[in-house]
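Subject: A structure for you to explore

Hi there,

Here is the structure I promised to pass on to you. Have a look around it first, and then read my notes below.

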There are 2 protein chains.
Amino acid sequence: MEKLTPHNIMVMLLSLGILLGVARTLGELAQRFHQPAVVGELLAGVLLGPTVLGTIYPELNLFLFPINGANAIALDAISNLSIVLFLMVAGIEVDLSTIWKQGKIGLKVGITSIMVPFVFAFITAWFFPTIFGKELQVNNFLFALFIATAISISALPIIAKTLMDMNLYRSDLGMVVVSAAIFNDIIGWIVFAVVLGLMENNPDGANGGNNIFLTVLLILSFAGIVLTFGRWLIHKLLPFVQAYTRWPGGELSFAIVLALLGAAFTEWIGIHAIFGAFLVGAAIGDSSHLREHTRVIIDNFVSFIFAPFFFASIGLKINFISYFDFSLVLTVLAVACIFKTVGGTLGAIWGKMSYRESSAVGFGMVSVGAMGIIVGLLALEAGIINNRLFVALVIMAIITSMMSGPAMRLILNPVKSWKLQDALFSKLFIRELKALSRREAINEMVEMVCREFSLDQDKVGYVVWKREKALSTGIGKGVALPHARIKGLAYPLVSVGISDTGIDFDAPDGKPANVIFLVLTPENAPESQLTIVSEIAKLFRNQTILQNVLKTRTFTDFLALIKSQSAPKVSDTTI
Amino acid sequence: MEKLTPHNIMVMLLSLGILLGVARTLGELAQRFHQPAVVGELLAGVLLGPTVLGTIYPELNLFLFPINGANAIALDAISNLSIVLFLMVAGIEVDLSTIWKQGKIGLKVGITSIMVPFVFAFITAWFFPTIFGKELQVNNFLFALFIATAISISALPIIAKTLMDMNLYRSDLGMVVVSAAIFNDIIGWIVFAVVLGLMENNPDGANGGNNIFLTVLLILSFAGIVLTFGRWLIHKLLPFVQAYTRWPGGELSFAIVLALLGAAFTEWIGIHAIFGAFLVGAAIGDSSHLREHTRVIIDNFVSFIFAPFFFASIGLKINFISYFDFSLVLTVLAVACIFKTVGGTLGAIWGKMSYRESSAVGFGMVSVGAMGIIVGLLALEAGIINNRLFVALVIMAIITSMMSGPAMRLILNPVKSWKLQDALFSKLFIRELKALSRREAINEMVEMVCREFSLDQDKVGYVVWKREKALSTGIGKGVALPHARIKGLAYPLVSVGISDTGIDFDAPDGKPANVIFLVLTPENAPESQLTIVSEIAKLFRNQTILQNVLKTRTFTDFLALIKSQSAPKVSDTTI
């Protein structure tokens, strides 16, 4: 049996470890600057691939990521498996019912946000193929179709994340954008599958129309069957799986086996495997029987392991600097931004939203994100676009994803939702309060906050103590929450003081406070106080957390405890 | 860049899907018959590999699992990745501190359970190599060393699972066995790594002693450093990872990246990658900072996806029937059973346990399980054993794992701990009770149970009603738990009756009961009533479960709901 040599295995594990390590590190950094993680993950591949490492230290680049031989095959196999699992998760996150719940506006935006960029990008690419850098031998029709698809697809996960960050996800406007993005996602992938089918069957116009017709028919029937009968069957089977197999292993394997088989099937009918994985994912995710725990396990493992690996591996394929073509990048970017924004905006106006909100919807739909990159990669592999256009598409996908949030923020000027974590600072942490009374504790903490952030200590101290005197803020269970709204503060500040002995804060349960949170919030953001105070109260409902807080020695320990207190959730994902 | 063709990708996804699907199905079946899942998973490979499918339909076997070319490489790559992740999880589950907590008896059993089989198997194989089917060209010393290692290693996860099934895990005897198994695991792997290092450097005695010495030194220093300094460093770094990266993605990637790099390193120094993954896993799992959620995500994904895939792929490598050698199987089995049992028993006697308990400890340590299979596979790949001996080792590993539980049960005759799930039967489920009063409800349910299980209806009805009259069993929140101990019952029976309208059971909260559990337990197993009743009460502490129960339509829906109510836990794993 042909297999990897010990050297191959060593190189494979080393390259996987390095690729994943760098991708996740840069992905975390990107998020720290409020950018999608996929930006950092792609950059990891650019750094480790031919663009940077291949230029400054080509031997190491080739040692880690050989172009030929067993290691190239191994990396490609794992990369293919990763993208299949990633698209399955993307499918699971698509909630078909949202489209119907949201009613007609979402559907209208969905239609225009895909039709407008599709039609106009098609026309542009059809009449001016050269400005997109079309190669001579490529079929004009297919090329224009592909450009139209790559530009009209939207990145649902990035859109969802952007809305969550702005606290708009559950708003009417947010749900319009999300349901439109779901519609766009499904239709976009089906259209792209058809385009891919055409490419496979008719790369140079040599094959007859029969094959094309058959492929399109197969794709549409597969999509139709999976999303109707398949969806129904999965919904019926899940309770059996849950009842008669180990929990949650049965459900986990059931989902992944189905996705692998669906992927194999679509690869077999001549379109890419990811299409099948996406559809199977959508059918599974739609079932109300799918348990949250199973979603969490699949979602976290795929988003934090397979997806970063896949996006980093894209950067390994190409030298992003030598294929960078400034005018091509500008063209692709301009076409995408203009047509996508206009498309989304028109749909919202059609749905009778105000002009301001409509333009926000338009910018909400502009993200091309990871999906555009995947579409571009497949077209590159199918030989329909060249390296220059691929690089331009990747950059366009990233920039549209980065601009969506700031543009919406500019238009809507939404109320920023502050969370506890945003307001905690290492320099506002006192591991051992000297204070013995609540007056002293408040003074000690106020003094530190005012010193570190140049606030007026007398004023701050006065309002905090006034509030405290009026009604004690000891909430029991060893926690006290002195707080005040401070004029002129730009963002909330939370100081944490710990007292092993405890300080009497006149709590209803009579217990002294061991952890004191001094919560200062801006006067013009009244809801931030409520959010943060109730977040703290919720945190301390757990009975073990107080003891664990008392065990911490540093701010990092404390932050680690607070952050990892919650159960992991789905959809705070990578893209 | 060399890569997979669309046909390769299709075959890869199809073969992964089929392999995983069959492996998980048979693994579930094995567990249903109280056997380790690994038995079913191995069988999947035997069915799909050369043994069965290759014999009856060789074309399909070769299509799915080609011996040469890109697909063979791809499968081997994923299989190698799987085993590395599996050994990482095995390492995480090793709790080093248990050894010290348990004190000297565990250590004594650990030492004898590895020394006795090692020494005696070594002597046997050294003096009678031919009865183990040694090939002429293999170095006698290495061969004997390997046989000794393969037989003295123990399968910690199977041992833990067996003890849990018997409700002995937390008993003194259980902790002795577990801590001995942990000790055995660590020492066994280090010894095996040394043997592997010797093999690599000295397959035919040509190399000098210097290399061997260097390899052994490298192995021991690596193990020492990872388990001391590495362990300390990981413990220090984890809070930073938790505090400054996304939760739980940061911790997840941190663990996997370290395992991949550790694996690459040990592969590089000439022993197998899994050794590094195991040690890194042990170092990570030992940190009290590692959060339960992260463990659950890694453990479930690896145990239910990667591990079944790996064990099934073993069956693809070899024809288990044509290499089956009855006398060899018997020899290996006899040597393993005798020396391992004796070793464990002696340690326990040395630790001053009673003879009966000591022999139970001996049988507890007999499982060779997945670890023995992995050791055998590596030796096969290193050319030190032939296919016949490999098949014999696999069979020995499985049989020792299957006999451990029954043998301990025979010796200790432990009290079986019944759980709610064991006592639920489809035929005892009434979706809509006709009854309107509690008297009628009890009669209706008692009648059905007695009819289905041929019990005396008058007697059962009398004791249940007597208990109910004495003190009503409506516990509130819509639940009632009429119950009684029944003479002559062999195992507990729980009948479930649902009433959408509700039946008055005189509950403290005044609410009528919508779900009635009739709990009948054997008179001679008094604790089973308490276990089951408190399990039900705990289940209904969750406020949403009653509504969900009322939504169920069939017994399967009901069972699915009950089973997947709990959060997934670690260590109910595959092996």
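A word on labels before anything else: helices (H or I, at least four residues) and strands (E, at least two) are DSSP runs, numbered from the N terminus. This is a predicted model, in which local features need pLDDT of at least 70 and side-chain atom pairs count only at pLDDT 80 or more, while totals for chains, interfaces and linings use all residues. Residues are numbered from 1 along each chain as its sequence is written, and chains are lettered from A and ligands numbered from 1 in the order in which they are written.

With those labels you can find Lys477(A), in the loop between strand E2 (474–476) and strand E3 (479–480) of chain A. Lys477(A) is not a glycine, yet its phi is positive, at about 55°.

Another loop to visit is the one between H11 and H12 of chain A, where Pro248(A) sits. The peptide bond from Trp247(A) to Pro248(A) is cis, with omega near 0°. In chain B, Trp247(B) and Pro248(B) are also joined by a cis peptide bond, with omega about 0°.

Now for the two chains together.

How many residues of chain A are in contact with chain B? There are 69 residues of chain A in contact with 69 residues of chain B, where contact means that the C-beta atoms, placed from the backbone, lie within 7 Å. H1(A) gives the most to this side of chain A, with 13 residues. The residues of the side of chain A that touches chain B divide into 41 nonpolar, 16 polar and twelve charged (Ala, Val, Leu, Ile, Met, Phe, Trp, Tyr, Cys and Pro count as nonpolar, Asp, Glu, Lys and Arg as charged, and the others, Gly among them, as polar). The copies meet through the same surface, because 100% of the interface residues of chain A are also interface residues in chain B.

One helix to follow is H14. Helix H14 (residues 292–315) of chain A packs against helix H14 (residues 292–315) of chain B at an angle of about 90°, with the axes 9 Å apart. Axes are lines fitted to C-alpha atoms, for helices over the stretch in contact, and angles run from 0 to 180 degrees between N-to-C directions. H14(A) is therefore roughly perpendicular to H14(B) (under 35 degrees counts as roughly parallel, over 145 as roughly antiparallel, 65 to 115 as roughly perpendicular and the rest as oblique). Ile297, Asn300 and Phe301 of chain A meet Ile297, Asn300 and Phe301 of chain B there.

H14(A) also packs with helix H2 (residues 37–48) of chain A, at about 45° and with axes 6 Å apart, so H2(A) and H14(A) are oblique to each other. Among the residues of H2(A) that meet H14(A) are Val38(A) and Leu42(A).

Finally, the axes of helix H8 (residues 140–152) and helix H17 (residues 369–381) of chain A come within 8 Å and cross at roughly 160°. That makes H8(A) roughly antiparallel to H17(A). Phe146(A), Thr149(A) and Ala150(A) of H8(A) make the contact with Gly372(A), Val375(A), Gly376(A) and Ala379(A) of H17(A).

Enjoy exploring!

How values were computed. Two residues are in contact if their C-beta atoms, placed from the backbone, lie within 7 Å.
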